[in-house]
Amino acid sequence: MSGFDVQQFRSQFTFFQLQPDWVYLDNAATMHKPKAVTDAVQRFYQQQNSNVHRGAHQLSQRATTEFEQARDIVASFINAKHRHEIIFTSGATAALNQIAFGLMHTVLQPGDRILLTQLEHHANIVPWQLHCQRHGIQIDVIPLNKNLQLDLVAYQQLLQKKPKVVSFSQVSNVLGHIQPVQQMVAMAKAAGAVTVIDGAQGVVYQQPDMQQLDCDFYVFSGHKIYGPTGTGVLYGKTELLEQLTPLLAGGEMIEQVSFVNTTFNKLPFRLEAGTPNIAGVIGLGAALQWIQQYNNSGIIQHKALLLKAFFKGLEKIKGVDILSMPVHNAGVVALNVDSEHPSDVAAILDQHRIAVRSGQHCAMPLFSYLARPGAVRCAFAAYNTLDDVNRCLLALEQAVEILTA
């Protein structure tokens, strides 16, 4: 009905040709890479390996051209106003650390407040603690409502405390719940706050538009959107990027150095110290070009079909406790089996060649809030099929039988 051809899409991934017996549902942790991406990385290493920006020879010039073309691809993909607003990092974690460190003593001052949410990944909690709490900056937390969605009434009340920064995930990495990011950004901006969005899970769900969203910072990891690991993007509005103190210093990010003083390079280079992951960035550009040939609304409908079938099947399995809600869900389901440990459930699924994740998913504060030791997480991607859903449900039935016998 969506017009999306899952078998054609799936055929682009060598993994599923070489490992046809696996059902891969660990997509919130990392996604598989299409041939377009692995070919781009291999081609760079085999045919034009060279460092960027510095070399006088043709190999370096070609590498620089491809690297900077990837910046243009990212800028276009997220509709950034300027190409220099795209900073390449090793991932969303590195980007959030750069923001938290970089805002200290410029935007953030002792006595200020930061507003986070109960849903956050550790990468959007610990950097703020590491770089800000020791300077006397208070962290407030937006609670959840009974449906485990953010409580927007409480959010409005917390905004009255005038936080300098509001930072939140676009999609919960545990529950898959989609946040009303545009509304939340508008509310935060009305309160005078700098807005930071962790798009690690959201970027693959729906192509973001920075001009429409109007957030100040947006971060994501390449490997969550079919790109190579060790790649990421920090988007920021020019005026705020220029206020960031660089977290890393060294080559490339400098304009002039003496033993007395150093002046920094212009954007984006002032925030990209050292030799970058050149092949990875080129692969990320290839991933974003590749995914744009598919209709995103068709992919969303396909994943919604998978979710509907999965939730319907779970309702028939006694003893399964579902944490995620089926509405406003990007394709992630967290669940438990009675009082059994999530790792035991995942181990049985692994015996059936069902790849899922178990534990607290780098979200300990959320699981403390839920009073649970963790959960099994099944995360669906566009290359998953209804057969994958059925095989996972069958394996879960057997896990329940074994563990509750």
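This is a predicted model: local features need pLDDT of at least 70, side-chain atom pairs count only at pLDDT 80 or more; totals for chains, interfaces and linings use all residues.
**Notebook: loops, rings and a cavity**

I started with His-328, and I found it in the loop between strand E11 (320–322) and strand E12 (332–337). I looked up the backbone of His-328 next, and its phi is positive, about 50 degrees, although the residue is not a glycine. Is His-328 buried or exposed? I get a relative accessible area of 57%, and the cut-off for exposed is over 50%, so His-328 goes down as exposed.

**Entry 1: Tyr-226**

I went looking for another positive phi and wrote down Tyr-226, which has a value near 75 degrees and is not a glycine either. Tyr-226 is in the loop between E7 and E8. I checked its accessibility too: at 2% relative accessibility, Tyr-226 counts as buried.

**Entry 2: rings**

How many aromatic pairs are there? I count 20. I picked out Phe-9 with Tyr-226: the ring centres are 5.9 Å apart and the planes stand at 70 degrees, so I call this pair edge-to-face. I then asked which parts the pair ties together. Phe-9 lies in helix H1 (residues 6–10), while Tyr-226 is in the loop between strand E7 (217–221) and strand E8 (232–236), so the pair joins parts 217 residues apart in sequence. Phe-9 is buried, with a relative accessible area of 0%.

**Entry 3: helix H7**

Which residues of helix H7 (residues 152–159) are buried? I listed Ala-154, Tyr-155, Leu-158 and Leu-159. They cover an arc of only 140 degrees around the axis, which means they sit on the same side of H7. I turned to the other side of H7 and found Val-153 and Gln-157 exposed.

**Entry 4: a cis bond**

I checked the peptide bond from Leu-267 to Pro-268, and I have it as cis, with omega near 0 degrees. Pro-268 is in the loop between strand E10 (262–264) and helix H11 (278–291).

**Entry 5: the cavity**

I found one cavity of 30 Å³ or more. The volume I noted for the largest cavity is about 110 Å³. What lines it? Among the lining residues I wrote down Asn-27, Met-31, Gln-201, Lys-224, Lys-303 and Phe-380. I sorted the lining by type and got seven nonpolar, three polar and two charged residues.

Definitions and conventions. Residues are numbered from 1 along each chain as its sequence is written. Side-chain values use heavy atoms; hydrogens and water are left out. On a 1 Å grid over the protein atoms alone, a cavity is a set of points where a 1.4 Å probe fits but cannot get out, and a pocket is an open set with protein on both sides within 12 Å along at least five of seven lines; lining residues have an atom within 4 Å of a point. Grid points are joined across faces, edges and corners, and a volume is the space filled by probe spheres set on the points. Ala, Val, Leu, Ile, Met, Phe, Trp, Tyr, Cys and Pro count as nonpolar, Asp, Glu, Lys and Arg as charged, and the others, Gly among them, as polar. Rings of Phe, Tyr and Trp (its six-membered ring) pair if their centres lie within 6.5 Å; planes under 30 degrees apart count as stacked, over 60 as edge-to-face and the rest as tilted. Helices (H or I, at least four residues) and strands (E, at least two) are DSSP runs, numbered from the N terminus. Buried means under 20% relative accessible area, exposed over 50%, partly exposed in between (1.4 Å probe, protein chains only). The arc is that of the directions from the helix axis to the C-beta atoms.
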